[in-house]
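Visitor: Could you walk me through this one? I would like to start with the overall fold and then get to the charged side chains.

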Amino acid sequence: MGKVYVFDHPLIQHKLTYIRDKNTGTKEFRELVDEVGTLMAFEITRDMPLEEIEIDTPIQKAKTKVLSGKKLAIVPILRAGLGMVEGVLKLIPAAKVGHVGLYRDPQTLKPVEYYVKLPADVEEREFIVVDPMLATGGSAVEAINALKKRGAKNIKFMCLVAAPVGVEAMQEAHPDVDIYIAALDEKLNDHGYIVPGLGDAGDRLFGTK
């Protein structure tokens, strides 16, 4: 079963408060989501493997460490996931960026992929799928299905706020995927919004209604 990590770092919790606040405007909301993306990237990369190399400091030769192992790719779920990409890239500028676009079928209400573009070396990369919300879990589950269909083996999921039902859906569908969240909220309301949540992340990021 995939593990669930809830980040309780004071800076993440502080910024998340203002992300939730309905009085936070588009510009500030976008900046805060970007900043939390960076802070979460710091935590999500904690266990990345290192290897030792030798360099010349201004004083002498030294053995020191650099990242090794799998190459990273960040995959936002369109469109709200785009708000978290730059924040992660600030810490991991060499990461490639893929995209997964989903729409909801009006008859079945299930997510359907309409656009998937990933780096060519899918099997060699560790993927971090990003989306601000994990509500029912439908979009996240389908996005990870899309990656796995194309050969992805090593996937993590990162979001700002999640509802328990979405976490359960993800764990059931993808028990090999760890979930990283800034807050685990109470529930979904009758309209499928996370409570207390932060509203519609896409609308708040891009100023649409």
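**Contacts, shape and salt bridges**

Visitor: What share of the contacts in the chain with a separation of 6 or more comes from residues 24 or more positions apart?

Guide: Residues 24 or more positions apart account for 62% of those contacts, where contact means heavy atoms within 4.5 Å. Before going on: this is a predicted model, in which local features need pLDDT of at least 70 and side-chain atom pairs count only at pLDDT 80 or more, while totals for chains, interfaces and linings use all residues. Residues are numbered from 1 along each chain as its sequence is written, and side-chain values use heavy atoms, with hydrogens and water left out.

Visitor: How many helices and strands are there?

Guide: The chain has 6 helices and 13 strands. Both are DSSP runs numbered from the N terminus, helices being H or I with at least four residues and strands E with at least two.

Visitor: And why call the chain as compact as a globular protein of that length?

Guide: Because its radius of gyration is 18 Å, close to the 17 Å that the globule rule gives for 209 residues. That radius is taken over C-alpha atoms, and the rule is 2.2 Å times the number of residues to the power 0.38. Along the principal axes, the C-alpha atoms fill a box of roughly 65 × 40 × 30 Å.

Visitor: What percentage of the residues is buried?

Guide: Buried residues make up 45% of the 209. Buried means under 20% relative accessible area, exposed over 50%, and partly exposed in between (1.4 Å probe, protein chains only).

Visitor: Now charges. How many positive and negative side chains?

Guide: There are 27 positive and 30 negative side chains, and the centres of the two sets lie 3 Å apart. Lys and Arg count as positive and Asp and Glu as negative, with His and the chain ends not counted. Each charge is placed at NZ of Lys, CZ of Arg, CG of Asp or CD of Glu.

Visitor: How many salt bridges does that come to?

Guide: The count is 15, a salt bridge being a side-chain nitrogen of Lys or Arg within 4 Å of a carboxyl oxygen of Asp or Glu.

Visitor: Which residue does R20 pair with?

Guide: R20 forms a salt bridge with D185, the closest N and O atoms being 2.7 Å apart. R20 lies in helix α1 and D185 in the loop between β11 (178-184) and β12 (187-188), so the pair ties together parts 165 residues apart in sequence.

Visitor: Is D185 buried or exposed?

Guide: D185 is buried, with a relative accessible area of 7%. R20 is partly exposed at 24%.

Visitor: What does E35 pair with?

Guide: E35 forms a salt bridge with K15, with closest N and O atoms 2.8 Å apart. E35 sits in helix α2 (residues 26-44) and K15 in helix α1 (residues 10-20), 20 residues apart. K15 is buried at 18% relative accessible area, whereas E35 is partly exposed at 31%.

Visitor: Which residues form a network of salt bridges?

Guide: K71, D121, E124 and R125 are linked in one.

Visitor: Back to helix α1. What is I12 in contact with, neighbours within four places in sequence aside?

Guide: I12 is in contact with F7, V36, L39, M40 and A182. I12 is found in helix α1 and counts as buried at 0% relative accessibility.
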